[in-house]
Amino acid sequence: MTEYGSGRELFGRLPRESPPPAALEEAVVAELRARGAFGRRRARGQWLPALAAALAGLVVGLVLAHRPAPARLPAEPGGVFMYIFSGGPQVGDGLRRTIEANTEWARTTLRGRILGGQKLLAEGARIGPDGRAVPQPAPRPDDATPTGFFLVRARDFDEAIALAGTCPLLEMGSSVTVRPVDDLRWTERTVTLPRSRGRDGTPTSGEEVALLAPPGRSRLPG
Amino acid sequence: MNEEEARFADDRSQVSRYLASREEQAFRELYRAHTPYLWRLALRLCGGRESEAEEIVQETWIRVSTLLERFSWKSALRTWMAGILVNCWRESRKRLRLAEALPDQLEDEATLPPGIELLDLERALAELPEASRAVVVLFEIEGYSHDEIGRLLGIPPGTSKSRLHHGRRALHGTLTAEGAIR
């Protein structure tokens with residue numbers, strides 16, 4: 001018996017299947033339902049009008065394609081919203097309980113919707129017009145300094161608000177600000193510097209440089 | 001028709017039914033046929049953490065539902081789904097920043113003796129470091145080759161071998177310490 005053979009023989013006795021939690025099926029089905037995965041497809045004869053509409057849409061799309069417009073998240077139906085948390089317990093057991101409650105909320109109510117999120121640490125600074133960093137006080141239980149955030153996918157603003165209303169932190173003295181995210185999809189692209197950009201007086205008109213820029217902008221504002 | 005061919009035919013007809021109707025009930029049948037397998041695999045990859053396994057299985061089904069129309073049937077449906085699940089698991093680990101690095105050097109070959117209680121083995125498996133556990137599960141239980149594991153996990157085949165080696169050695173150590181083997 002080879003050594004690999006002995007391993008596979010041993011592990012081969014382990015079960016390959018086991019019953020999943022009953023609630024999981026309902027959670028999966030509910031999520032797919034919310035995403036519009038279910039529903040009868042069109043009967044064969046109904047495809048012609050749909051095809052015509054699609055072609056018309058394509059023509060309109062080609063015409064509109066000349067107009068620069070920022071691409072927006074998400075690729076899937078719905079939008080992305082930032083939940084900004086503030087206030088509530090900031091230390092000790094209270095803080096631990098808020099973190100636990102929010103984690104559980106994210107795991108259950110927001111399951112499959114969270115795109116990202118973090119707790120923010122107490123240190124912070126605001127950069128003034130002169131470029132200097134002014135240290136900011138640590139968040140207090142009764143102020144609006146952000147203490148953390150979630151990026152959440154929701155059908156629309158109303159649903160994002162309704163979901164935020166179920167946040168357990170609201171009963172623990174925190175508040176949640178909901179802001180829609182406008183994704184500019186900044187990417188590296190070549191831009192043409194405007195006439196007045198040269199710091200040392202060197203004319204820069206027409207100079208092309210690689211910068212991070214939102215879509216649809218081939219020139220910096222002059 | 002052998003068992004594998006019969007399953008292949010069943011899978012095809014179930015998928016066709018779902019894609020033709022997009023009915024919830026047809027999806028549920030597909031779900032019930034394959035989730036016990038996906039659940040067990042997710043649970044093992046997650047080291048027994050049920051909440052994490054639930055998220056991974058849910059995400060897997062969401063992706064399966066989107067990609068199913070494009071599935072070409074060049075492999076078994078279950079193998080394809082397992083690949084998606086492993087990807088979901090990897091992404092989840094990246095998000096949680098729990099990915100572990102293990103040395104790539106292959107040392108002496110570690111082996112596991114037969115005759116261990118299955119519960120001991122399952123528990124020892126759950127205690128393995130993330131990176132080794134994934135390779136042990138995919139190689140020993142799911143029967144993937146090191147090349148296939150390399151593609152699934154985005155690691156060279158040599159790394160897969162060394163992680164298997166480390167995993168076996170760690171399993172041996174755990175089982176010995178627990179008195180499951182002497």
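**Cores, a helix pair and chain A**

The largest nonpolar core has 61 residues. Its members with the most contacts inside it are Y18(B), F27(B), W61(B), L68(B), L77(B), L125(B) and L153(B). A nonpolar core here is a set of buried Ala, Val, Leu, Ile, Met, Phe, Trp, Tyr and Cys residues joined through side-chain atoms within 4.5 Å; buried means under 20% relative accessible area (1.4 Å probe, protein chains only). The model is predicted: local features need pLDDT of at least 70, side-chain atom pairs count only at pLDDT 80 or more, and totals for chains, interfaces and linings use all residues. Residues are numbered from 1 along each chain as its sequence is written, chains are lettered from A in the order in which they are written, and side-chain values use heavy atoms, without hydrogens and water.

- A second, separate core of 17 residues includes W105(A), A154(A), L169(A) and V178(A).

**Helix pair in chain B**
- The axes (lines fitted to C-alpha atoms over the stretch in contact) of α7 (residues 146-153) and α8 (residues 157-177) of chain B come within 8 Å and cross at roughly 100°.
- α7(B) and α8(B) are therefore roughly perpendicular (65 to 115 degrees).
- H146(B), D147(B) and I149(B) of α7(B) make the contact (heavy atoms within 4.5 Å) with P157(B), S160(B), K161(B) and L164(B) of α8(B).

**Chain A**
- Chain A has five helices and eight strands (DSSP runs: helices H or I, at least four residues; strands E, at least two).
- Buried residues make up 27% of its 222 residues.

Methods: Axes are lines fitted to C-alpha atoms, for helices over the stretch in contact, and angles run from 0 to 180 degrees between N-to-C directions. Angles under 35 degrees count as roughly parallel, over 145 as roughly antiparallel, 65 to 115 as roughly perpendicular and the rest as oblique. Buried means under 20% relative accessible area, exposed over 50%, partly exposed in between (1.4 Å probe, protein chains only).
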